[in-house]
Structure formats: C-alpha cells, structure tokens
Amino acid sequence: MSEAFSDNSSVFRRSGPAAGMPIALERVSKRFGTRVVLNEITLNIAAGETIALIGPSGGGKSTLLRCINGLTTFDSGTITVGPYVLRAVASRREQRQALLKLRGEFGMIFQDFQLFPHLTVMGNVVEAPMQVLRLSRAEAERHASQLLHHVGLADRADAYPRQLSGGQKQRVAIARALAMKPAGLLCDEITSALDPQLKHEVLDVVEDLKKEGLTLLLVTHEIGFARRAADRVLVLADGKIVEEGPPQQVIDHPQAERTQQFLKQVMA
Ligand SMILES: Nc1ncnc2c1ncn2[C@@H]1O[C@H](COP(=O)(O)OP(=O)(O)O)[C@@H](O)[C@H]1O
Ligand SMILES: [Mg+2]
C-alpha cells in the first residue's frame, strides 16, 4: 500500500502535518509569440491558503495555473511548489519526474470537467490512483466510495458522465482530483458552466476542502464566494498582479483602476 494512504485520518489528504503545500513564483514570464501573457509575476501562497484569482478575460489566469502544474512551459523565472522546482531553463525531459509528482500533489480542475466519457463515475475516480499510485482496485474503490459519498454522489458510482448534470460532473471531477490525496487544487472557473443553483453544490464542496487544509488557487468570477471563502484575492490583468489583499479590501475597496473596472463588469 502506498504510504500516502496508510493513514485514514482524512479522506482527502495525506498523513502528516504538511497538508497543504506552499506555491512560490519568482519573476515568471510567459509569451505566446510576441504577446506577453505573464510579465515577471512574483507571488507567494502559503500552505493551506485559499486564493481567489480574478481579473479580466485574457489576463493570463488560466496560463498562470497551467504553468504551476506544468501543463505549459514558461520563458523565464522559477516556480516552486512544495519540494518541486520548475525552471524555465530546464528541458521538459529533465523535469518529467518532478512534473509527474507535482501533478499528483496539485490536481487541476477545469470549467468543462474533462471526465473520461467511456468510464463510469467510479472508473474516473480510481483511474489515476491505480495507474499512478499503483493502488489495488479494491483499495482505490474503497477510497473513491468515501470521496463520492462526501461530494454527494454515493449513489451514482455506476453512472457514465453523459448521464449526469453539470454540477454532478464537476463534483466527480473534484472527487477524481481528491483521489490522489493532493496537497492542493488549482481550479479554473469550475462553476462557470453551471446553472446558479448547481454552482452552490460545487462551491460548498470547495469550502470543505479549505477546512481540510488544502492549498487552493481558484480562478473564479463568483465574487460572493471569493469574499466568503478566500483568504486573499489576487487580481491579474495584462500579465501583472495589479492588486492583492484580503477580500474585504480588494473587493469592497479596490484601489487599482483595472480592479474597479473588472468588478463593475462582473457585479453588473
Ligand atoms: N496556447 C495558446 N497560444 C496562443 N495564445 C494563447 C494560448 N493560450 C492562451 N493564449 C493567449 O494568452 C492570453 C491569456 O490567456 P488566458 O491565460 O487563457 O487568460 P484568462 O484565463 O485570464 O482568460 C490570451 O490573450 C490568450 O489568447
Ligand atoms: Mg481562463
């Protein structure tokens, strides 16, 4: 049995005191062609912190998340996630081992769920623990059942994604990410495709994860949720963090013009 799973103290996370993991970006830049999408971003997220990342469309939010778990390369700077260091200069090959481990520690969840359509709910959740962590099917299914119970889908284990609502699909995606017992999650507008009433069932699950001590970096347009759940709000616009601080400060008393414009739009 994998060491990470030897302690049943939490369904979500690994044993030991270091539940979440810190994330640090040091002057990270990323260009697409001549367009600078991330411009020398430096930021620090503490282990267990919940960050809401907001800002206008095209501002680089998705790119930032993708850099952090190695789905895309960057041009300069350093990204450190717990013990894993990603450098712009290193080749993908050199970083392959670190990337695989890193993705196990920090799951990413997307707006469009990205479930495996040919697998059942249970199949989706046990896939990575069996393939990557080499858990037995019985062990992976036992953990998956606990997670599905937690996200309110205990009775849908045999369903296929096409048979589920958007809110249910997104909760499966969360359970699937949690099946790796991650130190944190990167969530990219995970409620944007959902009806208002379905958003809540997903956001409630996310708030539970915060209580469990996971490090959460959430791109969201749910300003009410950000105000309630985030420890800090970061505003990314034109490749820069233009403002950051506690939600009461950034959302209720924004200083930067870009923040004011953005909030006016989303709250209209
Ligand atoms: N793979 C890509 N190739 C070229 N340009 C891209 C690619 N991905 C994103 N971009 C561009 O980078 C900018 C930032 O995109 P993105 O990170 O998706 O912003 P956000 O998530 O804040 O809306 C946009 O101008 C977008 O068109
Ligand atoms: Mg995006």
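Two residues are in contact here if their C-beta atoms, placed from the backbone, lie within 7 Å. With that in hand, welcome to a set of close-up views of this predicted model.

**View 1. Ala-157 and the residues it touches.**
Ala-157 sits in the loop between helix 4 (137-150) and helix 5. Setting aside neighbours within four places in sequence, Ala-157 is in contact with Thr-120, Val-121, Met-122 and Leu-148. Is Ala-157 buried, exposed or partly exposed? Ala-157 has 18 other C-beta atoms within 10 Å, so Ala-157 is partly exposed. For a sense of distance, look across to Leu-186: this residue is 29 residues from Ala-157 along the chain, and the two C-alpha atoms are separated by 24 Å.

Which residues are found around ligand 1? They are Phe-32, Val-37, Ser-57, Gly-58, Gly-59, Gly-60, Lys-61, Ser-62 and Thr-63. Helix 1 (residues 61-68) provides the largest share of the shell, with 3 residues.

**View 2. Helix 3 packed with helix 5.**
A pair of packed helices is described by the angle between their axes and the distance between those axes. Here helix 3 (residues 121-131) and helix 5 (residues 166-178) pack at an angle of about 25°, and their axes are 8 Å apart. Because of that angle, helix 3 is roughly parallel to helix 5. The crossing of helix 3 with helix 5 is right-handed. To find the contact, look for Val-121, Asn-124 and Val-125 on helix 3, and for Val-172, Ala-175 and Arg-176 on helix 5. The residues of this contact between helix 3 and helix 5 comprise 4 nonpolar, 1 polar and 1 charged.

**View 3. Helix 5 packed with helix 6.**
Helix 5 also packs with helix 6 (residues 196-211), at an angle of about 15° and with the axes 8 Å apart. Helix 5 and helix 6 are therefore roughly parallel to each other. How do helix 5 and helix 6 cross, left-handed or right-handed? Their crossing is right-handed. On the helix 5 side you will find Gly-166, Gly-167, Gln-170, Arg-171 and Ile-174, which meet Leu-198, Glu-201, Val-202 and Val-205 of helix 6. The contact of helix 5 with helix 6 is made up of 4 nonpolar, 3 polar and 2 charged residues.

**View 4. Leu-178 in helix 5.**
Leu-178 belongs to helix 5. Leu-178 counts as buried because 26 other C-beta atoms lie within 10 Å. Now find Ala-144: Leu-178 and Ala-144 are 34 residues apart in sequence, while their C-alpha atoms are 8.9 Å apart in space.

**View 5. Two loop residues with positive phi.**
Begin with Phe-113, in the loop between strand 6 (106-109) and helix 3. Phe-113 is not a glycine, yet its phi is positive, at about 65°. Phe-113 has 21 other C-beta atoms within 10 Å, so Phe-113 is buried. Then move to Arg-134, in the loop between helix 3 and helix 4. Arg-134 is also a residue other than glycine with a positive phi, near 60°. Is Arg-134 buried or exposed? Arg-134 counts as exposed, because there are 11 C-beta neighbours inside 10 Å.

How values were computed
Residues numbered from 1 in each chain as written. Chains lettered and ligands numbered in written order. Predicted model: local features only at pLDDT ≥ 70, side-chain atom pairs only at ≥ 80, totals over all residues. Near = placed C-beta within 6 Å. Helix = DSSP H or I, 4+ residues; strand = E, 2+ residues; numbered from the N terminus. Axes fitted to C-alpha atoms, helices over the stretch in contact; angles between N-to-C directions. Parallel < 35°, antiparallel > 145°, perpendicular 65-115°, else oblique. Left-handed = near helix turned anticlockwise from the far one by under 90°. Nonpolar A, V, L, I, M, F, W, Y, C, P; charged D, E, K, R; others polar. Buried ≥ 20, exposed ≤ 12 C-beta atoms within 10 Å, placed from the backbone.
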